[in-house]
Every structure is written in structure tokens, then in C-alpha cells.
Amino acid sequence: MEKLRFRLADPAEYPALRNLILESFAPITWFRQLDEQFGPLNGLDWRARWQRRLDDVFRTQIILVGESGGVILAAATGTADVASSLGFIDLLAVDIRHQGGGIGRQMLEGMLAHFRSLGMEHANLECLSGNERANRLYLSAGWTLVTSSHKWFIRL
Ligand SMILES: CC(C)(COP(=O)(O)OP(=O)(O)OC[C@H]1O[C@@H](n2cnc3c(N)ncnc32)[C@H](O)[C@@H]1OP(=O)(O)O)[C@@H](O)C(=O)NCCC(=O)NCCS
């Protein structure tokens with residue numbers, strides 16, 4: 001199994017990371033389900049909306065990458081709240097060509113180690129209930145399921 005090395009991303013790498021994250025989430029994102037039911041929102045399809053979401057992520061979050069042999073195979077993004085010593089993982093993404101081989105588990109651990117290095121004592125994240133692979137990963141990595149929620153939508 002490839003052993004990942006972790007470091008913060010260089011902004012020059014953001015375009016490549018956008019592709020990695022977008023392609024990784026393409027099969028499971030609810031943005032896409034929304035398009036299937038309601039069509040694009042004001043002309044923006046799910047990819048365009050993800051690009052906007054990622055603009056925000058790159059501007060405001062910690063961007064950690066996991067690489068092997070100089071190639072980025074995964075990324076995790078999130079924020080750290082010093083007051084509550086709580087880290088929040090927003091995105092965890094493994095290159096679609098490398099999923100299912102233990103990379104995601106390593107990337108998750110890498111992000112937790114990074115949070116610890118920032119003084120965080122806890123971490124949380126949100127995951128769609130239908131994302132079986134990811135939920136199984138969190139369960140087997142010792143996370144506790146606290147609650148679950150529903151996504152609602154209405155056309156105005
Ligand atoms: C979810 C994701 C990060 C997991 O990374 P990965 O490299 O594919 O997963 P790993 O090989 O590290 O496997 C970790 C665990 O996930 C589960 N898993 C892996 N492949 C699976 C599959 N095909 N079906 C169900 N569970 C699976 C297993 O519990 C596995 O642990 P195990 O192999 O010790 O049993 C990755 O698949 C991904 O990027 N998916 C798309 C984006 C996403 O869903 N991100 C998380 C959103 S919260």
C-alpha cells in the first residue's frame with residue numbers, strides 16, 4: 001500500500017486539487033442529485049456550484065494534501081476552532097483512481113495529526129447517510145455518530 005506524506009498545499013496546486021476533489025465527489029454529491037430533480041440553479045450546474053464552493057474552501061480553510069512519490073493522491077480541508085479546541089473536517093477526497101486502497105484512512109489520520117499539531121483535542125465532520133464507504137471508514141476509525149440530518153429544498 002502507498003504510504004502518504006502530508007503537507008499543506010501550495011496555492012499553485014489548487015487548480016489540480018479542484019479536479020481531484022471534484023472528480024472524487026462526482027459520484028456521491030447531493031449537488032448533482034439536486035440537478036437531476038430540479039435542473040441547474042440560475043444556470044449554474046452542480047459542477048459550477050462546486051467550483052464556487054471550492055473557491056470558498058481554498059480562501060478560508062486549511063488545505064492538507066497526502067502525496068506518495070511526489071504525486072498528490074488525496075486531500076483534506078477544514079478549520080480549527082482554538083477556543084473549543086475543535087477541528088472541523090469539511091472535505092476528505094481521494095483521487096478517484098486510487099480509492100479503496102487505504103489512502104482515505106491515511107488521509108483522515110493525517111488531518112487529525114495536523115489538528116493535534118494545532119492544539120485541537122476533538123474533531124467533527126458531516127457525511128451524507130448514503131455515503132456508505134465514507135461512513136464505514138469513520139465508524140471503523142473510531143468516530144462516534146452523534147446525530148443525522150435531512151437536506152430539504154424548495155423552488156421560490
Ligand atoms: C470516502 C473516501 C475518502 C475513502 O477513502 P478510500 O481510500 O476510498 O477508502 P480506504 O481504502 O481508506 O478504506 C477505508 C474504509 O472505507 C470502507 N470502504 C472502502 N471501500 C469500500 C467500499 N467499496 N464499500 C464500502 N466500504 C468501503 C472500509 O471500511 C475501509 O476500511 P477497510 O478497508 O479497513 O475495511 C474516498 O472513497 C473518497 O474520496 N470518496 C469520495 C469523496 C467522499 O465521499 N468523501 C467523504 C465525504 S464525508
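Where is the place of glycine 101? I looked this up first in the predicted model. Glycine 101 is in the loop between β4 and α4.

**Entry: glycine 101**

Methionine 1 is 100 residues from glycine 101 in sequence, yet their C-alpha atoms are 7.0 Å apart in space.

**Entry: the ligand and its contacts**

An oxygen atom of the ligand lies 2.8 Å from a backbone N or O atom of glycine 104. For arginine 133, the side chain takes part: one of its N or O atoms is 3.0 Å from a nitrogen atom of the ligand. I also looked up the surface of the ligand. Taken alone, the ligand exposes 920 Å², and the protein buries 76% of that.

**Entry: the shell around the ligand**

How many residues surround the ligand? I found 21, and the closest are Leu92, Gly102, Gly104, Arg105 and Asn131. Sorted by class, the shell has ten nonpolar, seven polar and four charged residues.

Next I asked which elements these residues come from. Each of α1 (14-25), β4 (86-94), α4 (103-117) and α5 (132-140) supplies at least two residues of the shell. The largest share belongs to α5, with five residues.

**Entry: aromatic pairs**

I searched the whole structure for aromatic pairs and got six. One of them joins tryptophan 30 and phenylalanine 31, with 4.8 Å from centre to centre and 75 degrees between the planes, an edge-to-face pair. The label follows because planes over 60 degrees apart count as edge-to-face. I compared the surroundings of the two residues. Tryptophan 30 is partly exposed, with a relative accessible area of 31%, whereas phenylalanine 31 is buried, with 11%.

Another pair is formed by tyrosine 138 and tryptophan 143, which is tilted: the centres are 5.8 Å apart and the planes make 55 degrees. Both tyrosine 138 and tryptophan 143 are buried.

**Entry: glutamate 67**

Is glutamate 67 buried or exposed? I found a relative accessible area of 9%, so glutamate 67 is buried. This residue lies in strand β2, which covers residues 62-68. The side chain of arginine 5 makes a polar contact of 2.3 Å with the side chain of glutamate 67. The side chain of arginine 7 also makes a polar contact with that of glutamate 67, at 3.2 Å.

**Entry: positive phi values**

I checked the backbone angles next. Most residues other than glycine have a negative phi. Which way does phi go at asparagine 42, positive or negative? Asparagine 42 is not a glycine, but its phi is positive, about 50 degrees. I placed asparagine 42 in the loop between α2 (30-38) and α3 (46-60). Its relative accessible area is 82%, so asparagine 42 is exposed.

Serine 85 was the next residue on my list. Phi of serine 85 is near 50 degrees, again a positive value in a residue other than glycine. Serine 85 lies in the loop between β3 (71-81) and β4. With a relative accessibility of 10%, serine 85 counts as buried.

**Entry: phenylalanine 38**

I noted 28% relative accessibility, so phenylalanine 38 counts as partly exposed. What separation did I find between the C-alpha atoms of phenylalanine 38 and lysine 3? These two residues are 35 residues apart along the chain, and their C-alpha atoms are separated by 42 Å.

Note on methods. Residues are numbered from 1 along each chain as its sequence is written. This is a predicted model: local features need pLDDT of at least 70, side-chain atom pairs count only at pLDDT 80 or more; totals for chains, interfaces and linings use all residues. Side-chain values use heavy atoms; hydrogens and water are left out. Rings of Phe, Tyr and Trp (its six-membered ring) pair if their centres lie within 6.5 Å; planes under 30 degrees apart count as stacked, over 60 as edge-to-face and the rest as tilted. Buried means under 20% relative accessible area, exposed over 50%, partly exposed in between (1.4 Å probe, protein chains only). A residue is near a molecule or strand if one of its heavy atoms lies within 4 Å of it. A polar contact is a pair of N or O atoms within 3.5 Å; within protein, one must be able to donate a hydrogen and the other to accept it, and residues adjacent in sequence count only if both atoms are side-chain atoms. Accessible areas come from the Shrake-Rupley method with a 1.4 Å probe; for residues, only the protein chains shown count as cover. Helices (H or I, at least four residues) and strands (E, at least two) are DSSP runs, numbered from the N terminus. Ala, Val, Leu, Ile, Met, Phe, Trp, Tyr, Cys and Pro count as nonpolar, Asp, Glu, Lys and Arg as charged, and the others, Gly among them, as polar.
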